[in-house]
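Please open the model in your viewer and keep the sequence panel beside it.

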Amino acid sequence: MMLRDVSSCNTYNYGDALYWDTRYVQEAGSFDWYQRYSALRPYVRHCVSTSSRVLMVGCGNAVMSEDMVKDGYEEIVNVDISTVAIDMMKRKYEDVPQMKYLQMDVRDMSFFPDESFDAVIDKGTLDSLMCGTNAPMCAAQMLGEVSRLLKNGGVYMLITYGDPRARMPHLNRSVFNWKIELYVIPRPGFQKPGDPPSNVKPCLEPIPLTEKGLLPEDYTLEDPESHFIYICTKADELVELSYKSTDPLTDDLQLESLSLRKD
């Protein structure tokens with residue numbers, strides 16, 4: 001049974017465009033959810049080549065795309081549900097041809113044809129939908145679109161607070177045909193009590209998951225509030241999933257969405 005992320009959400013409806021328009025009007029400057037590009041760079045460079053056509057979903061007013069362009073990435077298309085954010089970012093980056101900005105709801109990205117992107121990066125957007133109304137349905141719609149837009153061999157990179165118990169039921173579905181690897185990254189500035197400050201070195205070895213796609217029982221998070229990085233690669237051939245969905249409603253929604261896009 002897949003539910004809304006009630007325990008991690010407040011009273012705001014993060015899936016609502018009006019909330020984000022109001023927030024971006026009230027808050028000046030830029031804001032990056034969870035992690036800055038400097039911390040994510042080893043994972044991004046490991047999975048996404050600089051020549052890739054990248055879709056940044058729920059870009060907001062973050063500077064991650066700017067940092068990626070400075071690092072050599074050649075084409076990043078940024079989408080967000082907020083007209084306020086998109087208009088602001090268009091003005092800010094009007095002289096940066098590697099970055100494009102479009103107002104769009106990630107649950108319906110029919111503006112783009114199938115297999116338009118080599119990579120899709122999501123830093124908190126799926127989480128926002130999971131805090132909104134009709135969360136499982138909205139998540140299914142968004143992930144169905146991400147799957148449709150990825151080329152074979154393309155990568156969906158999800159940075160989230162959601163551990164495998166909360167996210168794998170949404171991601172690990174035969175309709176997507178994704179091979180999934182999981183990485184864990186501590187919060188920015190995290191250090192163990194009593195330890196001197198140090199730079200946390202990224203671990204580029206994926207965490208071995210159980211047959212059900214969960215963390216092993218003996219696995220301990222160094223930072224209890226770590227962020228999770230799911231690398232979902234769209235397979236050229238059918239992948240046999242060890243953990244399959246038991247939610248027929250969501251499966252039907254995803255199959256119907258993909259079918260409509262092909263018609």
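Two strands pair if DSSP finds at least two bridges between them, and helices (H or I, at least four residues) and strands (E, at least two) are DSSP runs, numbered from the N terminus. This is a predicted model, in which local features need pLDDT of at least 70, side-chain atom pairs count only at pLDDT 80 or more, and totals for chains, interfaces and linings use all residues. Residues are numbered from 1 along each chain as its sequence is written, and side-chain values use heavy atoms, with hydrogens and water left out.

Select strand β1 (residues 53-57) together with β2, and you will find them running parallel, joined by five bridges, with L55 opposite V77 in β2. Between β1 and β2 the chain passes through helix α3 (residues 64-70) in a right-handed β-α-β crossover (with the strands pointing away from the viewer, the path from the first strand over the helix to the second runs clockwise).

Now colour β2 (residues 75-80) by accessibility: five of its six residues are buried (under 20% relative accessible area, 1.4 Å probe, protein chains only).

Finally, select M56, G58, C59, A62 and M64, which among the 13 lining residues are the closest to the centre of the largest cavity. β1 and α3 each supply at least two residues of that lining.

Definitions and conventions: Buried < 20%, exposed > 50% of the residue type's maximum accessible area, 1.4 Å probe, protein only. 1 Å grid on protein atoms, 1.4 Å probe; cavity = no way out; pocket = protein on both sides within 12 Å on 5 of 7 lines; lining within 4 Å.
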